[in-house]
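Me: Could you take a close look at one helix in this structure, starting with the residues it hides from solvent, and then walk me outward to whatever surrounds it? I'd enjoy one connected account.

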Amino acid sequence: VMQRERGEAGNRQLFCDAAYRAGRASTRLGYFSRALEYYEACRERGDAAFFSAKIELLNDAVRVVTDIECLVRAGDGEKAEALLDSVALMSLYSTRLTYLKGRIAILQDRPEKVQTCEEALLTLNSSSVEARILQGVQKYYHLSLRESLTILRQALRLDPDHDECRIIHKEVLAVHRGLEGTLGDCEAAFAQPGLPNNAKHQLLHRRCALLANDHTKRSLILQDAYRGLSLQPDCEDCFNVGTGIFTRLRCYRLLHRFLEGYIGPGRDTKRALRACERKLEHDEVPDYYGVLSVSRRASNAEIKKAYLREAKMWHPDKQRSGISIEDAQEVFKTVTEAHKVLSDQASRRQYDRKSQRGGQGSGFYSD
């Protein structure tokens, strides 16, 4: 009707009625930009004041819905829910808002509400792409990645041009490859914005496992351990990685601080704390060979090369996540002391004699 009556002055009222109905239907379906076009056409040919108010209301809703979508991608469910309530007060009810309610419920881990939203979407449209996206995202947040990919592919077969579905499918596929592929795949997946915390945590685990045999990446592994504990404070694997690295570096002050900071329920760290305190009291000889990750028979050139590598890794001015500047300064100080002692032949011989008497200096990577 709109196409036929457009431009015919005698049927202006018929045109406005059709455009208004089309605008309302588009709003319910969540096609806000299309609804704005219909209301703009009505304003030009009908009641300008009435449709101006409609357009202003819809523009406000579009801004709020855009903000909600950004918050959902960032994982902030509380703010997104508060904004969603304000859209509901505007008397705008659409499939888009129902879908966003489902996404917020996934963030808040409320499966019953997610199911309610899915059923509401399927009631409106039995082949609803949004309902399948909700199912796929829910599987993704529970790390059932293969099932999530299957559901999202079904959604894309229904609507190949659905931008949001394509973006989510790409993200889930990258995480799936990161958890099963190479270090490059893992890092590419982790670099994506808006990843759920459990996906980040699993990717950190994967990267730690891939870097475990490379002692030149100790700083990265320690960063991943800190970040993993910030996401999941009761994670035993991240905790063991952190204590292992500080023990190998013989940085007992840092190890003591690390143990105190991450004592969790059911975690037996009291014995480790007491052992750390004893080492601090006796001021045992540091394992300088272990600090530089070289053997006891390393040449001066090898020691210098190892020092430059470790100094670059632990320099306090280097930006790193998870590790505080104070911790980096202490490790850097230990690395500098190790180089100073081992680069001078006389002090190195004296250190070797002293460490052999004290039972230290064997080194985790030493021969």
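Reply: Happy to. The buried residues of helix H9 are Leu-145, Ser-148, Leu-149, Ile-151, Leu-152, Ala-155 and Leu-156. Looking down the axis of H9, these buried residues fall within an arc of 165°, so they line one face of the helix. The general rule behind such a pattern is that an α-helix has 3.6 residues a turn, so residues three or four places apart point the same way. On the face of H9 turned away from the buried side sit the exposed residues Arg-146 and Arg-157. Please keep in mind throughout that this is a predicted model.

H9 covers residues 145–158, and at 1.5 Å a residue its 14 residues should span 20 Å; the C-alpha atoms at its ends are 20 Å apart, which agrees.

What covers the buried residues of H9? The cover includes helix H8 (129–141) and helix H10 (163–180). Between H8 and H9 runs a loop that contains Leu-143. The phi of Leu-143 is near 60°, a positive value in a residue other than glycine. As background, most residues other than glycine have a negative phi. Leu-143 has a relative accessible area of 27%, so it counts as partly exposed.

A second residue of this kind is Asp-109, which is not a glycine but has a positive phi of about 55°. Asp-109 is found in the loop between H6 and helix H7 (111–124). With a relative accessible area of 53%, Asp-109 is exposed.

Leu-100, taken on its own, touches Val-65, Ile-68, Glu-69 and Leu-84, leaving out residues up to four places away in sequence. In general terms, nonpolar side chains tend to be buried together in soluble globular proteins.

Next comes the empty space. Rolling a probe the size of a water molecule over the atoms shows where such space is left. The structure holds 1 cavity of 30 Å³ or more, and the volume of the largest cavity is about 30 Å³. Its lining consists of Glu-69, Val-72, Arg-73, Arg-96, Tyr-99, Leu-100, Arg-103 and Glu-164. H4 and helix H6 (95–107) each supply at least two residues of that lining, and H6 gives the most, with 4 residues.

At 8% relative accessibility, Arg-103 counts as buried, because the cut-off is under 20%. Beyond residues up to four places away in sequence, Arg-103 touches Val-72, Leu-134, Val-137, Glu-164 and Ile-168.

The largest pocket contains about 820 Å³ of space. Of the 31 residues that line this pocket, the closest to its centre are Arg-96, His-162, Asp-163, Glu-164 and Ile-168. H4, H6, H8 and H10 each supply at least two residues of the pocket lining. H10 provides the largest share, 6 residues, and H10 is also among the helices that cover the buried residues of H9.

His-201 counts as buried at 3% relative accessibility. Setting aside its neighbours within four places in sequence, His-201 is in contact with Gly-228, Leu-231, Gln-232, Cys-235 and Cys-238.

Finally, here is the setting for all of this. The protein chain has 20 helices and 0 strands. Of its 367 residues, 44% are buried. Among contacts in the chain with a separation of 6 or more, 56% are accounted for by residues 24 or more positions apart.

Methods: Residues numbered from 1 in each chain as written. Predicted model: local features only at pLDDT ≥ 70, side-chain atom pairs only at ≥ 80, totals over all residues. Heavy atoms only, no water. Expected span 1.5 Å × (residues − 1). Buried < 20%, exposed > 50% of the residue type's maximum accessible area, 1.4 Å probe, protein only. Arc of directions from axis to C-beta. Contact = heavy atoms within 4.5 Å. 1 Å grid on protein atoms, 1.4 Å probe; cavity = no way out; pocket = protein on both sides within 12 Å on 5 of 7 lines; lining within 4 Å. Points joined across faces, edges and corners; volume = space filled by probe spheres on them.
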